[in-house]
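Reader: I have a fold on my screen and want to learn how to read it. Can we go feature by feature?

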Amino acid sequence: MDTPGNLILVAREPGGIATVMINRPKSLNSLTRPMMVDLASAIKSLARDNYVRAIILSGSGRAFCSGVDLTAAEDVFKGDVKDVETDPVAQMELCPKPIIGAINGFAITAGFEIALACDILIAAKGAKFIDTHAKFGIFPSWGLSQKLSRIIGPNKAREVSLSAMPLSAENAERWGLVNHLVEERDLMNKAREVAGAIVKNNQDLVLRYKSVINDGIKLDLGHALALEKERAHEYYNGMTKEQFKKMQEFMAGRSSKKFASKI
């Protein structure tokens with residue numbers, strides 16, 4: 001029997017990295033309503049935690065997440081699904097910090113949608129993304145019908161969703177959905193490597209950069225470019241002379257080190 005409180009595991013690691021693990025392996029990490037609430041709460045809490053600078057989301061056992069537990073389907077789909085506070089995908093989309101999805105095994109339907117809510121995807125060889133909405137008569141509500149086509153193109157997205165055939169991690173990488181494809185034993189190490197590179201950078205700029213990329217995707221190119229320019233002016237207008245001086249000193253120091261290394 002599943003024990004409440006141990007199905008979504010959160011760990012804060014050295015260096016500002018946090019991991020969130022969906023932990024119901026005997027059920028391939030299928031989601032019950034309480035798990036969805038706990039996952040939303042975990043993401044929301046990490047978003048507000050000043051120590052955390054990057055989040056890794058994964059699943060234990062043979063799956064990332066096999067979707068909604070269909071024995072609790074009515075509770076999930078007819079529940080208070082419009083409550084942003086208890087909606088894990090909504091909280092992931094609101095999270096200002098980068099979320100790295102480490103995809104092991106199956107990411108099915110709702111699990112596929114949770115993967116699409118991540119900012120960066122790393123997949124183990126042999127992992128599979130499967131959209132079974134059309135197979136089981138479930139209407140997508142966490143973004144799969146809109147996000148996937150924008151990443152891999154409408155023709156490929158239609159095939160994945162209308163056929164309900166598995167999309168292999170290998171094809172997902174070729175089609176631009178997955179950033180890195182690794183051996184399963186290397187999955188979390190690669191996720192930590194990418195997270196480690198992120199946390200070393202200017203945290204304020206990382207948050208602003210994620211925001212302008214994610215907000216710009218929703219716009220046409222002209223409006224997205226205008227958005228970038230508007231936020232850039234806002235950023236620079238808010239900088240003090242001392243901050244400009246520190247930026248110049250930092251860049252000069254980095255440039256001199258690179259030059260010295262080439263001599």
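Reader: Start with strand pairing. In which sense do strand 5 and strand 7 pair, and over how many bridges?

Author: This is a predicted model, so treat each value as computed from it. Strand 5 (residues 99-103) pairs with strand 7 in the parallel sense. The pairing spans 4 bridges. To place it on screen, find isoleucine 100; its bridge partner in strand 7 is isoleucine 120.

Reader: Which strand do 3 bridges join to strand 7?

Author: Strand 10 (residues 180-182), and the two run parallel. Look for isoleucine 122, which stands opposite histidine 180 in strand 10.

Reader: How many residues of strand 7 are buried?

Author: Buried means under 20% relative accessible area. By that cut-off, 5 of the 5 residues of strand 7 (residues 120-124) are buried, so the strand is largely enclosed by the rest of the structure. Check both faces. Ile120, Ile122 and Ala124 are buried on one side. Leu121 and Ala123 are buried on the other.

Reader: Now an antiparallel case. Which strands do 6 bridges join?

Author: Strand 1 (residues 8-13) and strand 2 (residues 17-22), which run antiparallel. Arginine 12 stands opposite alanine 18 in strand 2. The two strands form a hairpin with 3 residues between them. There, glycine 15 takes a positive phi near 90°.

Reader: On to helices. How are two packed helices described?

Author: By the angle between their axes and the distance between the axes. Take helix 10 (residues 203-217) and helix 11 (residues 221-237). They pack at an angle of about 160°, with axes 9 Å apart. Angles over 145 degrees count as roughly antiparallel. Helix 10 and helix 11 are therefore roughly antiparallel to each other. Helix 10 passes helix 11 in a right-handed crossing.

Reader: Which residues of helix 10 and helix 11 meet?

Author: Helix 10 brings Asp204, Leu205, Arg208, Ser211, Val212, Asp215 and Gly216. Sorted by type, the contact residues are 5 nonpolar, 2 polar and 6 charged.

Reader: One last residue. Where does glutamine 243 lie, and what is its relative accessible area?

Author: Glutamine 243 lies in helix 12 (residues 241-262). Its relative accessible area is 39%, so it is partly exposed. For scale, compare glutamine 243 with isoleucine 43. They are 200 residues apart in sequence. In space they are 32 Å apart, C-alpha to C-alpha.

Definitions and conventions:
Residues numbered from 1 in each chain as written. Predicted model: local features only at pLDDT ≥ 70, side-chain atom pairs only at ≥ 80, totals over all residues. Heavy atoms only, no water. Axes fitted to C-alpha atoms, helices over the stretch in contact; angles between N-to-C directions. Parallel < 35°, antiparallel > 145°, perpendicular 65-115°, else oblique. Left-handed = near helix turned anticlockwise from the far one by under 90°. Contact = heavy atoms within 4.5 Å. Nonpolar A, V, L, I, M, F, W, Y, C, P; charged D, E, K, R; others polar. Buried < 20%, exposed > 50% of the residue type's maximum accessible area, 1.4 Å probe, protein only. Pairing = 2+ DSSP bridges.
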